[in-house]
Amino acid sequence: MVKTKYLIIGNSIAAVNAVEAIREIDRHGSLCLVSDEPYHTYSRPLISYYLGNKVEEEALLYRPDYFYDLNKVQAFLGDKVVSLNCREKQVVLEDKTYIQFEKLLLATGGSAIMPQMPGQNLAGVFTFTTLDDAQRVKKFIATHQVKKAVVIGGGLIGLKVTEALVALNIQVTIIELADRILSATFDRTASRIIERALKGIGCACLTNTTVKEIRQGEEDGRVGSVVLKDESQIECQMVIVAVGVRPRVDLAREAGISLGRGILVDEYLKTSVEDIYAAGDAVEAYDLIAKMPRPVAILPTAAKQGRIAGYNMAGGRKVYEGSIPMNSVELAGIPTISVGLTDPAMLADVDRRNSLEIIQDYRERESIYKKIVLEDNRIVGVILVNKIDRAGIYTGLIKDRVDVAYFREYLLKDDFGLLSLPREYRKHMVIGQGIEI
Amino acid sequence: MMEGLMSEQMYIADKDYRVPSGCGVSGIMNEAGERFSGEAIMCSIALMRERSNGLGGGFAAYGIYPDLADYYAFHLMYETDEAKRQTDEYLRAYYTIMHDEPIPTRKIKVISQSPLLWRYFLKPREDVLAKNPRLSEQDLVVQTAMYISGKIKDALVASSGKNMGIFKGVGFPEDIGEFYRLEEYRGYIWTAHGRFPTNSVAWWGGAHPFGLLDWSVVHNGEISSYGINRRYLQNFNYSCSFFTDTEVITYLFDLLIRKHELPFEIVAKILAAPLWADIERMPEEEKEFYQSLRIVYGSALLNGPFGVIVANSQTMLGLNDRLKLRPLVAARWGDFIYIASEESAIRQICPQPDRVWMPRAGEPILGRMRRNNLAKDPLSQEATAEVFEAGREEEGL
Amino acid sequence: MKRIVIHEEYCMGCRLCEIHCLVQHSKSKQIIKAYKGEFPKPLPRVLVEEQGYLSFALQCRHCEDAPCLEACMTGSLHRDAETGAVICHEDKCVGCWMCIMVCPLGVIARRREGKKAASKCDLCAGEKIPVCVQHCPNEAITFEER
Amino acid sequence: MAKVPIAPDFIVERDKDKCISCQVCCRMCSNDAHVYDRERDQVDTLSGRCVGCHFCENFCPTGALTVRQNPSQIRQNANWNQQMLTWVAKQAETGGVLLTGMGCDQPFPIYWDHILLNASQVTNPSIDPLREPMELRTYIGRKPDRLELAGGSDQGKGARLKNKLEKQLVLQTPILFSAMSYGSISLNACKSLAWAASEFGTFYNTGEGGLHRDLYPYGANTIVQVASGRFGVHMEYLKAGAAIEIKIGQGAKPGIGGHLPGEKVDEEVSRTRMIPVGTDALSPAPHHDIYSIEDLRQLIYALKEATRYEKPVGVKISAVHNVAPIATGVVRAGADFVTIDGLRGGTGAAPTVIRNNVGIPIELAIAAVDSRLRQEGIRNHASVIAAGGFRTSGDIIKAIALGADAVYIGTAALVALGCHLCQRCYTGKCNWGIATQDPFLTKRLNPTIGARRLVNLLRAWSLEIKEMMGGMGINAIESLRGNREALRGVGLSDTELKILGIKPAGEAW
Amino acid sequence: MNAAKVVNINAQGIYYRELNESIHQAVRNGQKEIILEQVNGQRYIADGLSGKDVKITIHGTAGNDLAAFMDGPTIEIFGNAQDGIGNTMNAGKIIVHGDAGDIVGHSMRGGKIFIQGNVGYRVGIHMKAYQDLYPVIIVGGCAQDYLGEYMAGGLIIVLGMNNNGSWPIVGDYCGTGMHGGVMYIRGEVKDFQLGKEVKIFELDSKDKKNLELYVREYAQDFSLNAEEIIKERFFKLIPYTHRPYGKLYAY
């Protein structure tokens, strides 16, 4: 039986940030961390870079290798929590280790969605969320000299994988169910810019379609092609399924913790059970833009939630104000950033949709696109393509709900900066103790 | 010998002790020649005490010596007995001294020190005049006054006209008046001056009025053209030994009126000449006249701020500079004409005048005796009043 | 910690801070060389914003709750334990620009020549006073305990 | 004649090897003398636009720039020089009056450089100012000729003053900052002066610019000026300052008024001067209510009446030929202090011909005024503040020994703030942020730095004055004031010595 | 009006300093109405005095620099006023039932000076308006030279009444150096009388409204018929430029 003051299940962004936050307050309280992956704190978004040989395996580390020592963490890596007893405040690991905790953080993250389809178990069909996934893909490519691959899902993960594969000289076809790629984060124009760029590096994007079946190729048990909804067939040696992730909530569900689409938490990131907190992709927290609780599975959110949860576990009292969905991704050499509500069409609420205002600057030849979505003179969404410098200023304006009426004419200017902001706000930003976002 | 008086060495370049001064002035004249006591003028000038600073005050009075009206009345100031001795000797050489005596004064607290004050009533000696046929009686008087003031150490001629006298000294004017017992005199013109010199060489001779023959001048302001006015006068043998603007003004009047025989009205237009722009607008003949005045008498133009009251036995004239940089107010009440720096100084002695007005720049206020002789018995004279106002009939402003 | 304080009203917009910052973060640390002979071209980590007559030199505020630290997916952005400064480990950075997305001041720049990396103020690690402050002729930026 | 450009006054040399095209010079030059050519990635210099303020030279990070006098010369001519040619050309072009800024730059004798100080040797001890008390405190204001006591025993025990002294200004060092108006100089320059005066315990003077609301807190160290334009003059203003100075004349332009051009009248200047934005602020040559000395008295007393006799009222006049009698008149008119501004006094704008040709050196004026006031027995009635071209503490101590109570420094203060005497104050393009209201430029003067530098200057000069006093065995400034025995002249004519009231070097007591 | 609040002072022979101290004293004590009898030339009356509701009535000849720097009170003079009244005045009102001397309202920034009779030289010189401070001088009679010299703002109205026409309504050099403000002259001004910087115009409707507003107040103060005054032809004098000396220099 291990007794610990703090127990963290998970070893990714939320977990690591929680560790650091706890240690800011409590240097000495015992802290255990359990992860079913056998790795040090690696950064999941980096796996596509790893795949594309842009970074070495060591560079995947999210924190230095002395992280556990520095923070006095007893890490149980490659060991899985099989049960959680909330009443006893105890977990049991796969290897039968019992851990008694005072405070628990569930940072179990998400798991890749694998839609049911024929041929899904063939060799050469992969999801792409963990380092293990990446290593498997990498090994497969190396062993089988993959020339052509199909990526199912034109979201961010799909496209990052695509980029990695392209870097490995693999010809990629992207299959997207929606009418365009990146439909969840971009509007039509931005999507089109990226589609065009992908085409430029030799990728095909097939939209409004889906894979009906994965077929075996000549060699036994390995992918040979995919068949689309319209019966057309695409030859490939590998299929990457990147249609999304869902919160990993099995453990919570079994322990009787309230769930929505993810683990439900209050503003202190506490679950329905006293002393049990949750953070990261597993959580359903308030989305400031959608104005409702939902999982926002992005890295900054996980980090922030991890920090706040850790802070509150160690006796602090910090409020998590909510998430703003955002993404920064460079695709086919084009940097893009999207924050918040980027396309009114995404909104179900028609009244609200109609109240939105859009200002934009699209320079087609240079593939530069800037779009700002305003609601009641406040920015609620931004898309920046190919001109992303100082994007965070918009993010700040979104978060602080700053009335931009008096300087909206400057918003799209290339030299838009703090000087365009109201003096007082600007001063607050520059002089204020620290800036939160 | 007389020429010696005018020797060039007298004319030191403008000395820095030329005394710019500000002041208050007041003048009263009865055009009918009716004489009245000095009390009024003392009262008037006293009201403007703020305009002076106790470093000079003085009065000119006309008609005060009716019994000795035929003789030149010389008011002398002596710092030493030796000065008096030399002066007496000098005077006897040219004049018959008909009468002489100390100028009566009274002791008052604020005036502790005064020079020896003496008055003479003089008649030029016939033999002297005969020897110098080109020298008029008046020229002789002028040269005498200049010689004494300029050459005899510690002696100074305060006034030298007939039936008039100048009473001046260091102090506030009302104190000077009291000191000289002016309430005991009666005259038909009185002018007064309260001085605000920018410095104070506490010098009795430096006080105003300045006098020569029967001229007296009280003046407020500073003549910026002093340097050239003085050099101009030197051409005509005036020696400016007092280094005051007032002296220069006096000589200019003497020169232009007595010697050049110009009327007061024209002299006013020389001293405070109209601007060229005004002359340009005049009818041709008038234009030519005024052009000529300025061309010939340019060096006599008094430039800079001044408000001046000039008197002689027949006239009292108030004049402002051409831009009216100094105040001057005039009033009339019956036969009386009043001129002062401030209206209140008039109202103090004449609460309800018939008319009060502010003359315009360069526009003379002229009070004149109605008949050319009143020295002896002013009351018997028929007189006509005439107030000249720059060719403008209506008094208006 | 000691921070760079901005006095906007006295920034004359000379950009000497940028120049000296650039030099400080160049290989040679010699101004003429840094400008005329280095590749990749060194970048200043301070940015002078100008609009009309207003200007000010802006560099990382090293926020207490730095959003860039939370957004950094590689862990290359970290807080220096000693100085409290937010530092970017440029070798580790992959140029995902998440930090740019969240930095409300917009003070993280993209280095595009050579290895892509986030380029930001490091308070001139090793200098007692950051060079931008040292060279600001008008004390429009000062280094103060805040 | 064809229109030809006027030869540049300066040549700006750019060392191409050193220039890194960083464009600091382009950004900084308000005269646009440096232009960046993007195509060639090079900076070019148009010397013709250079006014010689040396800002670029000071700011170039690689030292690539040197500003030099244009060496090009006309045929040698003892009568005509290059400058005169330039003047004539300019006037032929424009038909206008030549303007200039700062004090007279003509080679008239500088008497300070012909006056030497004394020091103690053997017969009386010198004092070490580092260890021993050394008093510079100075009181400015009217003093009675004698004190009358009331009560007290024969031995003076329990005696008290019958009358209180009139209000005095207390200076911790006999140096004040000259009148420089907000409008002619920037608010930051005014703030620098105000803060420094307040920190050091002396005074600055508003000039005829009104008092900006940010400066009211420094009222206790402010002399408010009332000049012919009466800009920003109202009761609040009059009451805000510690004293009032009526400005009659200014050394740089005796007899001349001033025009603050409309372009310098921005929102803030407008509010402070209380005139609409963009209108010329015209200060007439005379006060139109003062045409004579008794009028001056009238204004002095109007001000005293208005402020209920709570503020000393001084009068500033230029040093002109007649300065001594004028000063005595001013004192007699009721002034509590007289400021005399000499030939070399500065200005924001003056017709060149006036600045270069009118007035007399301050050295002679101090001596003449002090002598005259003493002759007339009224030296006690007012303090004398001298102004106009004090360059070092040496000049100041000599001025005090000649008879000044204190001195105003203007140009020296501006130089401390960065001024390089380019004499173009009137253009409003002062690169140093001093004589300008252009918001691009005014911010270049950080008043925190400005005030610090001014305080440093006052401190340094005060220390030097103490050192010199110590050397003379004097430990209180009043023992030096008017003590002309401490001075000796070299290379001066008898007349000059006489006016200065000092003996030639080599002559003992 | 509350009689107890009225202070009567006989000024005969009283030195100005004493007189003014009693005025200031009275105002400090909260007195709102002060009547001065037998004033003759005392200077500086009400200088620097403030208090919007303070009223001073003067019988006699008011001395120089009356109401200099005054900020609020009303002064009514039954008699003439000497030189320099309203010098650098900020607010308040001066009503003169008589003539006034030179330099009335020198550098005046606000308030009103109404004069029944004539005025001297340099009236309204360097007068200037600022925001809600708007100085107004109304002269019932004629004005002498240099009226509104250097005027930078505010309003001067000259009515030229009680003038049989032999005097010009204003003197020469009217509006010399004027660069702001406006003058309304009830009668003709010859070109040569004008300073170089001003021009004559007819009144427009706005001017007329402005004129009426002040003339009505003036008429009321002197019990005159405003309509009679207004019905005559007025001319407006305004400067050409706000920058009269902009081209004087060789830059």
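## Tour: strand β10 of chain B, then chain E

Select residues 189–197 of chain B: this is strand β10, mostly covered, with 9 of its 9 residues buried (under 20% relative accessible area, 1.4 Å probe, protein chains only). Strands here are DSSP runs of E, at least two residues, and helices are runs of H or I, at least four, numbered from the N terminus.

The model is predicted: local features need pLDDT of at least 70, side-chain atom pairs count only at pLDDT 80 or more, and totals for chains, interfaces and linings use all residues. Residues are numbered from 1 along each chain as written, chains are lettered from A and ligands numbered from 1 in the order written, and side-chain values use heavy atoms, without hydrogens and water.

Show the side chains. In a regular strand they alternate between the two faces of the sheet. I189(B), T191(B), H193(B), R195(B) and P197(B) point one way from β10(B). W190(B), A192(B), G194(B) and F196(B) point the other way.

Find A61(B): W190(B) of β10(B) stands opposite.

Now switch to chain E. Count 3 helices and 12 strands. Its radius of gyration (over C-alpha atoms) is 18 Å, close to the 18 Å from the globule rule for 251 residues, so chain E is as compact as a globular protein of that length. The rule is 2.2 Å times the number of residues to the power 0.38. Along its principal axes, the C-alpha trace of chain E spans about 55 × 50 × 30 Å. Color by burial: 65% of the 251 residues in chain E are buried.

How values were computed. Buried means under 20% relative accessible area, exposed over 50%, partly exposed in between (1.4 Å probe, protein chains only). Two strands pair if DSSP finds at least two bridges between them.
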